[in-house]
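Let's take a friendly walk around the pockets and the metal site of this protein. Have the model open as you read.

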Amino acid sequence: MAAEHIRHWKIGDVEIARIVEVYGWEDDISMLLPDATPEFVKQFAWLQPHFATPEGKMIISFQCFVLRSQGRTAMIDTCIGNDRQREFPVFTNMQTTFLEDLAAAGFPHEEVTDVLCTHLHFDHVGWNTRLVDGKWVPTFPQARYLFGRREYEHWKHLHETNGYHDLHHMDDAVVPVLDAGLVEFIDADFKLTDEVSLIPTPGHTPGHVSVLVQSRGQSAVITGDMMHNPIQIAVPGTEARFDMDKIQAARTRSEFVTRFNGTPTLVIGSHFAEPTAGHIVPDGNGWKLKV
Ligand SMILES: [Zn+2]
């Protein structure tokens, strides 16, 4: 089922694949933008059919990316994971073919050298681990896991103070790889290779980063959760529900949209539904995603 949702991009010499866990989830726009109505969504006709329904619901996916660059094979986030106890039923006890899908995409999990998490929300760290004989063990024991130093410090504090509504993912997907000694803490100036670097995009979480790929004159950026649906390209300054620092997140989104507007950089959205990628172009007085 999920293998048919694999998608590939080639950016210069860098190969990128998308692995989907939850495909084309429809939800009310107010889940994301608290004050928005279906009518608000419908005014952006370009969102249909990929990113919004004719009724004005948003469409998003839960997915991650894997890329190959200069001898390294890197997961960019790791989705939700199987066998989890989560706040929402849709994410609880999932049983997907994620590892088979990775292999089908040409990136068997044994070959992964790096696991880079844009941030430490549950839907970006899940497959850091898997359940084996009742224990959470690293899915990629041969890899180094790259966590933002600032991001981790924030979640460590939340974990210690019980300061967040659902911290199960810390116990089952973050702490086990720390205990295994596989984590390297990185700052936003980290470069995976000459072709893969980071853009600090704080706000959704304090240490959130996006991933910039540049090779042979081509470029792409994997957003992470700096935005969830392309409607946020049209209204980057609108506050969104899941952002920990809503004002900073809106500022980050506005800077991002301005930076990439009208450029050839392919914007690959971590929650953007099929086809997941496009270019930011002017749209009247604003912007849109052109796929
Ligand atoms: Zn997410």
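## About the model

This is a predicted model, in which local features need pLDDT of at least 70 and side-chain atom pairs count only at pLDDT 80 or more, while totals for chains, interfaces and linings use all residues. Residues are numbered from 1 along each chain as its sequence is written, and side-chain values use heavy atoms, with hydrogens and water left out.

## The zinc site

Start at the zinc ion, whose protein donors are D123 (OD), H124 (NE2), D225 (OD) and H271 (NE2), 2.0 to 2.2 Å away. Donors here are N, O and S atoms within 2.8 Å of the metal (3.2 Å for Na, K and Ca); water is not among the atoms, so sites may look incomplete. Along the sequence, the donor residues follow the spacing D-H-x100-D-x45-H. D225 sits in the loop between β13 (218–222) and α6 (231–234), and H271 in the loop between β14 (266–268) and β15 (277–283), so this pair, 46 residues apart, links distant parts of the chain.

The arrangement is irregular because the four donor atoms subtend angles of 89 to 158° around the zinc ion. For comparison, four donors count as tetrahedral if all angles lie between 85 and 135 degrees; four count as square planar and six as octahedral if opposite donors are over 155 degrees apart and all others between 65 and 115, and anything else is irregular. D225 counts as buried because its relative accessibility is 2%, and H271 counts as buried at 2% relative accessibility. Buried means under 20% relative accessible area (1.4 Å probe, protein chains only).

## The largest pocket

Next, look for the largest pocket, with a volume of about 560 Å³. Of its 27 lining residues, M31, F88, F91, F122 and F242 are the closest to its centre. A pocket is an open set of points on a 1 Å grid, with protein on both sides within 12 Å along at least five of seven lines, and lining residues have an atom within 4 Å of a point.

β2 (14–27), β3 (58–69) and α3 (122–125) each give two or more residues to this lining, and β3 gives the most, with three. By class, the lining of the largest pocket holds 13 nonpolar, six polar and eight charged residues.

## The second largest pocket

The second largest pocket holds about 190 Å³ of space. It is lined by 19 residues, of which R150, A188, G207, H208 and V209 are the closest to its centre. α4 gives the most to this lining, with three residues.

Note on methods
1 Å grid on protein atoms, 1.4 Å probe; cavity = no way out; pocket = protein on both sides within 12 Å on 5 of 7 lines; lining within 4 Å. Points joined across faces, edges and corners; volume = space filled by probe spheres on them. Helix = DSSP H or I, 4+ residues; strand = E, 2+ residues; numbered from the N terminus. Nonpolar A, V, L, I, M, F, W, Y, C, P; charged D, E, K, R; others polar. Buried < 20%, exposed > 50% of the residue type's maximum accessible area, 1.4 Å probe, protein only.
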